[in-house]
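Here is a friendly walk through one model, with the cut-offs spelled out as they come up. Please have your viewer open beside the text.

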Amino acid sequence: MTDTVTTPTPEPGGDTSIPEPAGGATAPEPGGGACLAPDAPGEAGPPPGHPRRSYAKLAADESREDYSLRYAPHSFRRWSPGTVAGTALGGIAYLADFAIGASIVFTYGFGSGLASILTAATLIFLTGIPIARACARYGLDMDLITRGAGFGYFGSTLTSLIYASFTFIFFALEGSIMAQAMHQAVGLPVEIGYLITTLIVIPIVFRGMGALAKVQAWTQPVWIIGMVLPFVVLAFEAPGAWGAFASFGGTEGAGAGFSWIGFGLGTGVALSLIAQIGEQADYLRFMPARTEATKRRWNLAVLAAGPGWVVIGAAKQLGGAFLAFVALEAVGKTHALEPIAPQIEALKPWLGTFALPAAALFVIVSQVKINVTNAYSGSLSWSNFFSRVTHRHPGRVWYIFLNLAIALTLMEMNMFAALNKLLGFYSNVGIAWITAVAADLVINKRAGWSPPYIEFKRAYLYAVNPAGFGAMVIASVVSILAFFGLFGTYAQAFSTFIAAGLALVLCPLIARVTRGRYYLARPNTVNGPAAGAVDERATHTCAECETAYELPDIADCPVRSGPVCSLCCSLDATCGDVCRKDPEGAGGPVLMPVPTVPGAAGGA
């Protein structure tokens, strides 16, 4: 499939709009800047005889593509902090928390389950703070942050797969819950329900951030009412249930007291949600620049939409376990772990026969809200992976279908039945990755072993940085061996703690030993510290695709003898990486044109 970067013509009746930004500003042109002619004064064009790169129509349409493989420019980040935060938090409407919390408490009892949920939430919150701030500050998604935070250009390819697996595992889990609700409500076979839950999100995800923001805003009132109402009913109808719940010993004979083994295993299951910060980051990258006037709202929005999701998540896990406990005698263990059945039982005292349709509506709305996010984030992650491996980018939207096909397969295989084991295994890898990134942002950058900014462009990065990538691989391997019992019962139970501890120690240690040598292959003279003070909103026209992009998305290319955008740089399969390996042999330092400053004559 060929690539195209021309601005697409909207289809008749089509809607490529995004929500109107704060202040009524209009949506920017694709590319984050003006599309300048190839011979615009002061800008470099392609070398003589070098063909202009073009992208497929879908890849060129940023109203759908959402800058999926590159920096989100200031010209596109025109939503208010509150709008971005609200959209990001809308994605945590999922009911997997209910199933996960119920599964932990049913298996390990109330005491160990409570400690597990709260401990996992604390770890997720702490690691999420620096990642959320970095994504919002630099306009980058989780994959691009990972590249520059200790993993290198190809080193982060593995984490793209880890993140993609998170999105399709949880899409399958959420889709299973929705299919269960449709089966309860109208008797639809779950196999057909799986297919419907997969297909229903495609039109929304296809249109990108604009459609996602609208869906999350419109469905939020229904979700809030559905979330709160069962607990209000139980507060009046079963006021003593909470006391009985605190004495619940589970269904496997664990007992209501505290058990170290149960605590470790339960925490491992709850920590499988640690990669959720990646989905939050996919929205946080659209946060507007922080100013002196907005810094308080900005900080609060980033904290709430970033790590703050886990506060609500932990409450949902405990709430889901409580609803399952109350419904246990009426519906049995198997159905109590399916969120739809406890919802119905809780609503029956007030709604009677309307409890079923009300609960089904709530579940379906909740699952649509989260699965549009899962499908969207999965498409971003697969795009990142395949663009580096194949040097081609047909467009983010094509990878929606890949992600959904894998998720549908998992649903048809009834992955819901193996929930604890699957999530417990996954969390070993997820926490090693996230902890290594957080360690780089918090420790290595402050110690001066890592660059003071996030560099994500291929032109300046080593293929692999042993600081983050090595720490993650070692931590993952050791913790997975522990998870399978190689080091004994306690190590098996605490395998995720082993993963977190090793990643936290090894990332700074390797960075210190290597003296930060593998972070930058060469200085960034466009917008890095070597460039001095620059206006990030200024643009260069890419010598490859002839589209203007803001400076953080631009690299100086000795092969093209001028500026190239980050995506053209990633997709180039013929340059031989001479800019990093032998810049002098490629013609010496690149003479860059004067960037176009917004508001100036001829500017964006």
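## A hairpin near the end of the numbering

Strands E3 and E4 make a hairpin in which 4 residues separate the two, and Ser561 in the turn has a positive phi of about 55°. Strands and helices here are DSSP runs numbered from the N terminus, a strand being E with at least two residues and a helix H or I with at least four. E3 covers residues 554–557, while E4 covers residues 562–565, and the two run antiparallel, joined by 4 bridges. Two strands are paired if DSSP finds at least two bridges between them. Ile554 has Cys565 of E4 as its bridge partner, and Asp556 stands opposite Pro563 in E4.

Is E3 covered on its faces or left open? Ile554 and Asp556 on one side are buried, and so are Ala555 and Cys557 on the other, which leaves both faces covered. Buried is under 20% relative accessible area, exposed is over 50%, and partly exposed lies in between, with a 1.4 Å probe and protein chains only.

## How to read the model

This is a predicted model, in which local features need pLDDT of at least 70, side-chain atom pairs count only at pLDDT 80 or more, and totals for chains, interfaces and linings use all residues. Residues are numbered from 1 along each chain as its sequence is written, and side-chain values use heavy atoms, with hydrogens and water left out.

## Two loop residues with positive phi

Glu546 has a phi near 60°, a positive value in a residue other than glycine. Its loop runs between strand E1 (539–541) and strand E2 (548–550). Glu546 counts as buried because its relative accessibility is 14%.

Asp577 is not a glycine either, yet its phi is positive at about 55°. The loop that holds Asp577 lies between helix H22 (566–571) and helix H23 (578–581). With 13% relative accessibility, Asp577 therefore counts as buried.

## The nonpolar cores

A nonpolar core is a set of buried Ala, Val, Leu, Ile, Met, Phe, Trp, Tyr and Cys residues joined through side-chain atoms within 4.5 Å. The largest one has 106 residues, and those touching the most other members are Ile100, Ile131, Leu140, Phe170, Met287, Trp433 and Val437. H4 gives the largest share of this core, 14 residues. A second, separate core has 32 residues, including Ile177, Ala321, Phe322 and Phe362.

Which residues does Val437 contact, beyond its neighbours within four places in sequence? They are Ile131, Met142, Ile145, Thr146, Ala149 and Phe151, where contact means heavy atoms within 4.5 Å.

## The largest pocket

The largest pocket holds about 530 Å³ of space. Of its 22 lining residues, Arg133, Ala134, Arg137, Tyr138 and Trp298 are the closest to the centre. A pocket is an open set of points on a 1 Å grid over the protein atoms alone, where a 1.4 Å probe fits, with protein on both sides within 12 Å along at least five of seven lines; lining residues have an atom within 4 Å of a point. Grid points are joined across faces, edges and corners, and the volume is the space filled by probe spheres set on them.

Helix H4 (96–138) and helix H18 (419–447) each supply at least two lining residues, and H4 provides the largest share, 7 residues.
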